[in-house]
Amino acid sequence: MLITWGVALLGCQAVFAGVLVEEVTHFSQQNFQEYLDLLSIDNVGAKPEDIQRNAAYLERSFQKRGFKTQLLTNAAGRPAVFAEYLRTNSGARTVLFYIHFDGQPVIPADWAQQSPFKPVVKKRDARGEWQEVGRHALFGQPLDPELRIFARSASDDKAPIMMFLTVIDLLKAQNKHPAINIKVILDGEEEIGSPSLAGMTKANPSLLSADALVIFDGPAHDSGRPTLAFGNRGIAQATLTVFGPKAPVHSGNYGNYVPNPAFRLAALLASMKDENGRVLVPGYYDGVELTPADREALAKTGDDEEALRKRLGIARAERVGDNYREATQFPSLNVRGMASAAIGDTAANIIPSEAIAELDMRTTPESDGRRLFELVRRHIEQQGYHLIDGTPTDEDRARYDKLASFRLGDVEAAARTSMDSLVGRWAVAAMKSATSPNPSAEPVRIRMMGGTVPTDVLVNALHLPFVQIPTVNGDNNQHTHDENLRVGNFITGTETIYSLLTTRYPH
C-alpha cells in the first residue's frame, strides 16, 4: 500500500516507483538526531555568533553529503551558506533552492518546556493534552506520525533543510543521481528581513545563477494535499509612540486631569479598522483587484473554514475577503506588540508617560509598503496628532495636545508569478509522480501565500521563475511559543522533495 499524504503506513514493505516506504522512514529516523542537534543551536539574529554556529554546522552537514559549499559573509556577522551539487550531465537544468535557518525571538517563560532550544518530543494524550514522551519515541518501530518535535524553528524553517539532506542520503543509498543540478542558499537573516541578501546576490550572480527558484517555507494545506504557492506577501514594519506626561505620574493625584497615552493609543488604533477587520485608512486597498478567474482559483483550494476557525479558536473571521485565501490577497494591518508601563506584579498606579505599538503591514505586489506607511501616517495626522521624530521638546508639549511619533522600519516587497509558469508545471508534475506522497490527489495551487520571504530580492536580481513549496503542518505555532513539527509531515515533506529532485526540469 502506498503511503498517503498525512497518513503514514510506515511499517509496510510496499514500493512506490522503486522507493521503499521503509527507506524513507529509515533515513528520516537516521537523521532525526542531526535535526535535534541543529534545533539545539540558538538562532535568533540578535546574536550573530549564534547564526555563525548554525552556518558552520550546516556547512559541515552539506559537505559530508558531497556538496561544494562556501559561506557568504556580511558586515553584520550573520553569514549565509551556499551549497551546490552538480550533475556530470551538462544538459541538466539547474534549480536554486532557498531555505532559511534563523528564527524568531523567543520568550522562554512562555514555552511549555525547559528551553525553546532544547527540543522535546510530545504526543497528545486521550484528553488532547500534550505530554512529553522522550526522544526515543522518534526511533520506534513503526514510527508514530503524530509525534511532535517542539523547539524554535522546528518548522520555520529548519525542518525543510533536514528533509532536503535526507533526500540526498536516500538517493546516495539507492545509487541514484538527482535529475537536476542543485544549488542551495541558506539564509541566516530571513526573520529580520534578509538585509544582506540583495548585496550577496549582486556580488555573486554567476554563483547563484539557475533556471528556476524553489522556496521551502510555510505550512502545507490543511487537507494534507501537496501544496504549491505562486507568490507571497511582503511586509513593512513601523513603530507608533503616543506621548503623555514628561514622566509617569500618580493616577490618584492626576487621574481625570492628565490624558493617558495608553487610552489614546487604543483609540487611535481602533480608528484604523472597523469591526469586520477592514482597514479604514483611505486608499489602503487601492489597486488590488481579483478577477473571476482569481476568485475561482482561490475557491479551489478547498479550505475547511469551520475546522480552521476551530483550530484557531475564533468564532468568526474578519471580512476582508470572502474566504481565508481571498483575505490573504489583500494588504493587512496588524498590531504585533503593545507596551505601556507594566503589568502583573510590577504594575503601579500611574498614568504612563508613553504608549507604544509595533505594527506590521503585509503587502501585495499592488500595494507598496512605503505607500501604505504614508497612508497610515496621514490617517494619524487626521486624527489630530502632531508627529515628531524622537522625544518631544518642552515647546512641542506646550503647543500640541496630541503628540506621537511614527517610524518606518524594515520593508520587504511582495512577489507573485503566473500560476501557469514552467516552474509551476514542473512542480505539479513532480507532485503527481509516483514517488510523491499522494500522486492521485490534485495539488493545491495557492495564488499568493500570506507570509513573507525575500522572494523579490532573488527574483529581481536573478530574473528567475519561482514557486514556493510548503511542507510543514499548519498548526505548527511558527513565530510564537511552542513551535513544533509533526513527524508525519517530515516524512511526507521528504517524499515531496524527493519527487522534485528526481523529476527532470524541462527545456
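Welcome! In this predicted model, start by selecting helix H13, residues 422-431, and show what packs over its buried residues: the cover includes strand S5 (94-100), strand S10 (212-215), strand S11 (227-229), strand S21 (444-446), S22 and helix H15.

How many of the ten residues of H13 are buried? Seven are, so the helix is mostly covered. Colour them to see which: Val423, Gly424, Trp426, Ala427, Val428, Ala430 and Met431.

On H3, pick Ala159, Pro160, Met162, Met163, Phe164, Thr166, Val167, Ile168, Leu170 and Leu171. On H15, pick Asn489, Phe490, Gly493, Thr494, Ile497, Tyr498 and Leu501. What kinds of residue make up this contact of H3 with H15? There are 13 nonpolar and four polar residues, and no charged ones.

For the last stop, go to the loop between strand S22 (466-468) and strand S23 (484-486), and select Asn476 there. Is Asn476 buried or exposed? Its relative accessible area is 1%, so Asn476 is buried. Look for the polar contact that joins the side chain of Asn476 to the side chain of Ser155, at 3.2 Å. Leaving aside neighbours within four places in sequence, Asn476 is also in contact with Pro219, Asp482, Glu483 and Asn484, among others.

How values were computed
Residues numbered from 1 in each chain as written. Predicted model: local features only at pLDDT ≥ 70, side-chain atom pairs only at ≥ 80, totals over all residues. Heavy atoms only, no water. Contact = heavy atoms within 4.5 Å. Helix = DSSP H or I, 4+ residues; strand = E, 2+ residues; numbered from the N terminus. Nonpolar A, V, L, I, M, F, W, Y, C, P; charged D, E, K, R; others polar. Buried < 20%, exposed > 50% of the residue type's maximum accessible area, 1.4 Å probe, protein only. Polar contact = N/O pair within 3.5 Å; in protein donor to acceptor, adjacent residues only side chain to side chain.
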